Amino acid sequence: MMELFAQIQEFFGPVWPLVWAMVKIVAIVLPMLIAVAYLTFVERKVIGYMQVRLGPNRVGPKGLLQPIADALKLMTKEIVIPTGANKVLFLMAPILSIMPALAAWAVIPFDPDLVLANVDAGLLYVMAITSMGVYGVIIAGWASNSKYAFLGSMRSAAQIVSYEIAMGFALVGVLMMAHTLNLGEIVRKQEGAWGLLSWNFVPLFPMFLVYLISGVAETNRSPFDVAEGESEIVAGFHVEYSGMAFAVFFLAEYANMILIATMTSIMFLGGWLSPVPFLPSGFPWLAAKVAFVLFLFLWFRATFPRYRYDQIMRLGWKVFIPVTLVWLIVIGGWMQTPYWPWK
Amino acid sequence: MSFQLFVFYLFSLILVGASLKVITARNPVHSALFLVLAFVTASGLWMLLEAEFLAIALVLVYVGAVMVLFLFVVMMLDINIDRLREGYWDYLVPALVVAGIMVAEMTVILAGRYFRLDGMPAPAAKPETYSNTRELGKLIYTQYVYPFELASVILLVAIVAAIALTLRRRKDTKFQNTGRQVAVRRQDRVRMVSMPSEKPAAAPLPTDEAAG
């Protein structure tokens, strides 16, 4: 086995690091895309059961092949380009929206040793990359040459920019706890004698809530999905998209959900750490936490009615940002006293 | 040619191309998007210089926030592209002056040995454990804490001033008082009335069915 490995390495010669990096990227992106496909299935099932329905159950055993059928359907559909649309930008928008959702995974640590790039400024990198996601939405709305799409993209842009600030402030709290921007180190700093009580979500509880809810808003999920708002603006920014171009937007939304769920698990829920001291830590814990946060996303969607636009803005600017600022001061002061239990 | 050099030339090529398109693109939205590309590429170049904090901050601040708002405004404007192009050549003289200054500055750097630039050697490569972000943070909050805080206060004053200067309150706008909306209780909105399900029998009205 190792011999074969060495032979392959020799075959590629100087480009081997590039090839090896590509292999690792595929090893992360491929399971991610499968997870995205099955997240759409889980969403329909979970919401179905919550509404006392069965959800998809026709394709394959228990409907398990439904996402594959959906993918096939979307791939064979025509991509309609509206008259007067800016063709290049129209086709570029879905790519611009999925790129950040995938690129951010480069610095996410899956367990103590498994990370593609152990970057020191990992948290900043994730924030910078995800802040580029809004371009896909804006450009899609503008390039469609449609009023509904444009309205949707304007709403979405304002919403994403506003909630990014609250998210950033919530992460400042995490930085104060961890003294580092490296995501792996942030998880390691949460390791303590009390298991799950030494994770960041206990001392930073208000920030945890702010981050989680802002995450829902960032991904344009219900109840913050005014960008799509079927009842007012049809489907918002992607109303003119069809076939694979639409599917890529869809993929990006779900990939972003998984990303936000993973970030929440790493920042506040102790990443790969085990919640009780007598069980070993490892990747399954991270997966379980991500699944839990994703379930919350679906639960929100099945439970809450959509916010009005002005309520969204008020919640972001007048509630979340002050809450995080106040808690920053509380935490900062508390850390200086001898009564700080999370050392 | 080392890999680093290759990346440098590639990024420089993209950067120069994108910058040229910023001023030559006919559509202002395209210009703004090319400016975004220029920022991202410049951030890649800074990354090559081992200035990872500045590189990421450039993307975070300029690409993630400033250019989004910029694009917002440009998209909302109803711009007549032909009118916009009219004054293009009028800017030639100031542009030449700026270009001349830039050429002079580049000469000082590229022909550095005539200007004794070799008296300042290139910085040595940092060890792998060196964290640009950490060092910057330490400097900002220790040695340069007063200038840093001063700059932030000036920025805050600028934000408040910008809002104070442009805020016009219309007299006839109606606001919702969210506090009152939240504080509302069931009794304030709903009045329970006990009504019998049927009206007491009155004189029977003649109906169509009865007539037919």
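Between chain B and chain A there are two residue pairs in polar contact, both at pLDDT 80 or more; a polar contact is a pair of N or O atoms within 3.5 Å, where within protein one must be able to donate a hydrogen and the other to accept it, and residues adjacent in sequence count only if both atoms are side-chain atoms. The side of chain B that touches chain A draws two or more residues from each of α2 (28-48), α3 (52-76), α6 (132-141) and α8 (178-183) of chain B, helices being DSSP runs (H or I, at least four residues) numbered from the N terminus. The largest share, 13 residues, comes from α3(B).

This is a predicted model, in which local features need pLDDT of at least 70, side-chain atom pairs count only at pLDDT 80 or more, and totals for chains, interfaces and linings use all residues. Residues are numbered from 1 along each chain as its sequence is written, chains are lettered from A and ligands numbered from 1 in the order in which they are written, and side-chain values use heavy atoms, without hydrogens and water.

| Item, chain B with chain A | Value |
|---|---|
| Buried area (accessible area, 1.4 Å probe, lost on being put together, summed over both) | about 2,200 Å² |
| Share of that area from carbon and sulfur atoms | 75% |
| Salt bridges (side-chain nitrogen of Lys or Arg within 4 Å of a carboxyl oxygen of Asp or Glu) | zero |

The contact (heavy atoms within 4.5 Å) takes 25 residues from chain B and 27 residues from chain A.

In chain A, Ser265(A) is found in helix α11 (residues 243-268). Ser265(A) is buried, at 0% relative accessible area (buried means under 20%, 1.4 Å probe, protein chains only). A polar atom of its side chain lies 2.7 Å from the backbone oxygen of Ala261(A).

How values were computed:
Buried area = accessible area lost by both parts, 1.4 Å probe. Buried < 20%, exposed > 50% of the residue type's maximum accessible area, 1.4 Å probe, protein only.
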